[in-house]
Amino acid sequence: MAIIFQSLAIIDPSGIKDPSDFIFDEQNGLRELKGENIPADAVNIDCKGLYASQGWVDLKCFNGEPGLEYKEDLESLGQGLAKGGFVKAVLLPNTDPAIQTKSDVEFLKTRTKDFFSKIIIQGALTKDTKGEDFTEILDLANSGVKVFGDGLKPLANSDRLMKALQYLQKFDGIVFDHSYDPLLAIFGQMHEGEASTRLGMKGIPPLAEEVAIQKNIEILKYTGGRLHFQTVSTIKSVKLIREAKKEGLAVTADVSLYQLLFSDEDLATFDTNMKVKPPFRGESEREALLGGLKDGTIDAIVSNHRPHDFDAKHIEFDFAGHGMLGLQTFLPGLIQLEKELGWPLLIEKVTSGPNKVLGESEDNSLVIFDPKKKWKFNSKTNTSKSNNSPWFGKELTGQVKYLINRNKYIKINE
Amino acid sequence: MSQLSTRHLLGIKDITEQDIHTIFDTAQNFKEVINRPIKKVPSLRDITIANIFFENSTRTKLSFELAEKRLSADVVNFSSSNSSVKKGETLIDTVNNILSMKVDMVVMRHSSPGAAHFLSRNIKANIVNAGDGTHEHPTQALLDAYSIREKLGDVAGKKVAIIGDILHSRVALSNIFCLQKLGAEVMVCGPITLLPKHIASLGVKVEYDVQKALEWCDVANVLRIQLERQQIKYFPSLREYSLYYGINRKMLDRLDKEIVIMHPGPINRGVELNSDVADSEHSIILHQVENGVAVRMAVLYLLAGAK
């Protein structure tokens with residue numbers, strides 16, 4: 001059955017196109033309607049006021065299966081990805097046990113084969129993501145894994161990072177790293193600054209991240225290979241990556257969407273939903289990150305989706321887990337940045353930007369969304385098994401309506 | 001009954017200057033009461049207060065308990081040196097269990113900053129924060145400021161130096177907020193590794209030389225070295241600390257003025273404070289202890305009235 005999307009305004013990195021009509025069917029996929037015969041049974045969808053772009057790609061997303069299904073399982077994650085407008089997502093390896101063997105990879109592939117969104121598996125670089133012994137990297141690569149890292153944990157051991165960058169060159173693998181020096185961040189609960197001083201909390205200084213990024217860039221210079229910095233958060237990190245790119249190093253970076261929407265001042269009431277890693281920082285850091293997105297230093301915006309069960313967040317602040325939900329709230333978050341960054345740039349950072357990081361070509365996917373639709377994020381609408389979001393229970397603006405991916409079509413919200 | 005602007009005392013940050021004056025005026029009355037032959041008043045009869053201490057405490061707990069008993073409240077105590085979480089029970093469960101026994105107010109000490117805020121969002125009783133990790137210890141700051149006022153007539157315009165381990169001190173933060181609200185100037189002094197990097201952003205002066213701090217101030221509030229809260233090493237040895245940051249009589253004699261010495265206790269004698277200072281005529285340390293009971297009576301009385 002064919003579907004006609006009437007008056008659809010497509011956004012791509014070059015701009016927002018004038019609305020035109022598109023036709024989709026499962027045999028031929030999506031194309032602009034130009035003098036083609038319209039099948040008699042075609043369904044018309046009026047898209048006035050809606051926007052569309054290529055489907056979105058998330059480079060950092062937490063999955064709890066196996067072992068942590070009570071936070072998020074693959075089924076709930078799959079629904080969240082579709083509701084969030086994602087046609088592709090890199091899953092973190094920090095399950096229990098970690099995704100670190102060929103059979104772990106086969107398990108994920110089997111469980112996600114019918115997913116609407118394409119799942120890209122990040123394989124653990126070291127056993128149990130402990131930063132010590134390597135996993136069987138080539139064996140994992142032969143199972144189709146090309147992204148490696150310890151996910152939520154930094155590769156703080158310089159020797160491990162150096163050898164990983166070397167070893168992965170055999171198959172053009174990419175090291176993903178959330179770089180920070182754990183010793184400089186020790187006992188830290190939030191960004192080190194005036195707010196942490198006022199709240200009497202141990203801070204995580206920007207230095208912890210910057211020292212690691214600087215060191216890792218130097219290692220990359222020595223080894224060659226591909227290094228992707230995840231969820232950068234400081235002024236100097238952006239500067240260091242900008243300079244590394246100018247030098248021609250194969251380095252890329254992403255930033256967490258909610259890093260651009262909240263600050264350390266939002267922790268004033270010890271709300272554990274605001275406890276995230278990297279920590280929310282100040283306005284000057286936020287401006288530097290926006291600058292990094294604008295000039296191409298930062299390639300992608302990620303959901304940094306990190307679900308936590310009720311008990312992990314309903315607890316004293318320093319015992320609470322890090323992170324917040326990021327999938328269904330992704331579009332409402334992007335909308336908050338639209339005035340500062342504009343749709344074409346935002347779309348670049350969730351489509352061609354992350355695709356370039358992964359070395360993947362553009363596809364024929366499409367996400368159609370209503371930038372003005374108001375909806376309530378609550379237990380009825382939430383697809384996650386967790387609800388750790390400061391937006392939970394609140395009215396949000398912006399909703400994904402339809403998705404097309406790999407010649408399949410689904411209605412998300414009508 | 002005078003009312004406070006809040007139904008909990010979570011921190012000095014969260015109360016107004018007027019609240020502080022109300023507490024002081026009420027404490028003044030209670031100080032007179034506790035110096036009578038019959039030291040007890042029936043103000044909190046039928047009110048049950050639970051003192052829940054997840055960290056070791058001797059004097060704060062004793063002071064609260066005495067304040068509660070002087071006000072005729074019914075008192076229950078729960079102490080655990082380990083956090084409830086380590087015992088496999090959440091803080092909320094522990095407290096709810098105690099509240100099921102129909103407790104009206106909770107006085108809590110806990111190792112986590114914000115623990116009292118967390119509790120206040122989740123239970124119905126009035127909460128008094130008796131120290132939450134390295135965040136605040138509001139009743140200590142109130143009794144410190146009350147003691148300064150009693151000794152010097154006023155807090156406004158006075159120069160107060162807080163000396164020692166500022167990084168691990170809840171007393172320092174509450175004192176800074178309280179003294180600034182009352183119009184005092186505040187300086188912090190200690191080894192640089194024991195001062196929060198951004199402490200100056202709170203509007204305090206920062207000094208690394210103790211003698212210079214003593215020369216500047218009218219009041220020196222000397223803090224205990226919190227060895228139990230220092231998870232890693234911040235200075236080489238206690239000997240070196242006492243030599244370079246400890247206060248002795250000679251240092252006071254070098255000053256061309258008299259200053260007031262305070263300490264929240266318990267004192268590490270010979271470390272941050274020598275006995276010839278702690279027991280000298282400059283010291284108001286024992287007045288602080290006495291005022292502690294009166295100030296805590298005032299806080300409990302006013303919060304009970306805020307129900």
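The largest cavity of this predicted model holds about 60 Å³ of space. A search of the whole structure finds three cavities of 30 Å³ or more. On a 1 Å grid over the protein atoms alone, a cavity is a set of points where a 1.4 Å probe fits but cannot get out; grid points are joined across faces, edges and corners, and the volume is the space filled by probe spheres set on the points.

Residues are numbered from 1 along each chain as its sequence is written, while chains are lettered from A and ligands numbered from 1 in the order in which they are written. Local features need pLDDT of at least 70 and side-chain atom pairs count only at pLDDT 80 or more, whereas totals for chains, interfaces and linings use all residues; side-chain values use heavy atoms, with hydrogens and water left out.

**Lining of the largest cavity**

- The lining consists of His178(A), Tyr180(A), Ala185(A), Ile204(A), Glu209(A), Lys277(A), Pro278(A), Pro279(A) and Arg281(A), where a lining residue has an atom within 4 Å of a point.
- By class, five of these residues are nonpolar, one is polar and three are charged (Ala, Val, Leu, Ile, Met, Phe, Trp, Tyr, Cys and Pro count as nonpolar, Asp, Glu, Lys and Arg as charged, and the others, Gly among them, as polar).

**Backbone features of chain A**

- Lys277(A) and Pro278(A), both in that lining, are joined by a cis peptide bond with omega of about -5°.
- Pro278(A) lies in the loop between strand E15 (251–256) and helix H8 (283–294); helices (H or I, at least four residues) and strands (E, at least two) are DSSP runs numbered from the N terminus.
- The peptide bond from Asp96(A) to Pro97(A) is also cis, with omega near 5°, and Pro97(A) belongs to the loop between strand E8 (86–91) and helix H2 (102–112).
- Thr129(A), although not a glycine, has a positive phi of about 50°; the loop between strand E9 (118–124) and helix H3 (137–142) contains Thr129(A).

**Interface of chains A and B**

- The contact (heavy atoms within 4.5 Å) takes 20 residues from chain A and 31 residues from chain B.
- The two chains bury about 2000 Å² between them, 64% of it on carbon and sulfur atoms; this buried area is the accessible area (1.4 Å probe) lost on being put together, summed over both.
- In chain A, Thr197(A), Phe270(A) and Glu316(A) lose the most area to chain B, together 27% of what that side buries.
- The side of chain A that touches chain B comprises eight nonpolar, five polar and seven charged residues.

Terms used:
On a 1 Å grid over the protein atoms alone, a cavity is a set of points where a 1.4 Å probe fits but cannot get out, and a pocket is an open set with protein on both sides within 12 Å along at least five of seven lines; lining residues have an atom within 4 Å of a point.
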